[in-house]
Amino acid sequence: MAVKLGTISNQPDYLLLDPGNYRVRVRAIEPFQSQGGSDFGPAFKWTFDLIDPADADLAADLRDRGQDLTAITSAKLGVNSSGVPSKLRAWAQACIGRELLEGEDLTDDMILGKVVDAVVEQKADGKNIIRSRIEKLVAVRAPGRRQTAAPAAVAVATPPPAEDEGAPF
C-alpha cells in the first residue's frame with residue numbers, strides 16, 4: 001500500500017513581503033536560542049501581527065501557511081562606542097515612544113501589544129535565499145499630533161551707535 005508523502009506545489013514555502021513599511025502589533029517576545037551552531041548569545045524572538053486593513057490579504061496568506069512575522073534581536077540593551085543603541089534597545093524605544101533611562105528595567109509588558117511600523121527589506125540569508133527581514137521598528141505618532149517645525153530665527157535690528165559715542169571719525 002502506498003503512503004502519500006505530500007502534494008507537489010510550485011508556490012514558495014516562504015512568503016516574501018515586499019520591501020516597505022508595515023503597521024504591526026507586537027504579539028510576543030520570547031527568549032530565543034539559535035539552532036545550527038550560529039549562536040551569538042542570548043536573544044529574543046519577536047512575533048508581530050499585521051494590523052493595517054490594507055494588509056488583510058497578506059495577513060491571511062501568512063496564517064494559511066502557518067507563517068508568523070518574526071524577527072530576532074540580541075538581548076543586549078546597551079549602546080555601541082558611537083552611541084548607537086542595540087537593536088533590542090532601539091526597538092523597545094520605538095514601542096514605548098521614548099528613550100529608555102539609565103538603570104531602567106525593560107519588561108515585556110512595556111512592549112507587548114504596542115503598535116509600530118516595521119521597515120521590511122529583502123536580503124539574502126546565509127544560504128543565499130532571499131528572505132523578508134525587519135530592519136527596524138519606527139514609533140507611530142499619535143493621531144492628530146502635528147509635527148511642529150523648529151521656530152524660525154528672528155532678526156533683531158540694532159540701531160547704529162550715536163555719532164557722539166566714541167566713533168573713530
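Leu50 touches Tyr22, Arg23, Val24, Asp55, Leu58, Ala59, Leu62 and Leu69, when residues up to four places away in sequence are not counted, and touching, or contact, here means heavy atoms within 4.5 Å. The model is predicted, so that local features need pLDDT of at least 70 and side-chain atom pairs count only at pLDDT 80 or more, while totals for chains, interfaces and linings use all residues. Residues are numbered from 1 along each chain as its sequence is written, and side-chain values use heavy atoms, with hydrogens and water left out.

Leu50 also belongs to the largest nonpolar core, which has 27 residues, and is listed with Val24, Trp46, Phe48, Ile111, Ile134 and Leu137 as having the most contacts inside this core. A nonpolar core is a set of buried Ala, Val, Leu, Ile, Met, Phe, Trp, Tyr and Cys residues joined through side-chain atoms within 4.5 Å; buried means under 20% relative accessible area, exposed means over 50%, and partly exposed lies in between (1.4 Å probe, protein chains only). At least two residues of this core come from each of strand S1 (20-32), S2, helix H1 (56-64), S3, helix H2 (87-96), S4 and S5, and H2 gives the largest share, five residues. Helices (H or I, at least four residues) and strands (E, at least two) are DSSP runs, numbered from the N terminus. In soluble globular proteins, nonpolar side chains tend to be buried together.

Two charged residues can be followed along the strands. Asp117 is found in strand S4 and counts as buried because its relative accessibility is 15%. Its side chain makes a polar contact with the side chain of Arg23 at 2.5 Å, where a polar contact is a pair of N or O atoms within 3.5 Å; within protein, one must be able to donate a hydrogen and the other to accept it, and residues adjacent in sequence count only if both atoms are side-chain atoms. Lys45, by contrast, lies in strand S2 (residues 43-50) and is partly exposed, with a relative accessible area of 27%. Lys45 and Glu30 are 15 residues apart in sequence, and their C-alpha atoms are 5.4 Å apart in space.

Leaving aside neighbours within four places in sequence, Lys45 is in contact with residues including Thr70, Ala71 and Ile72.
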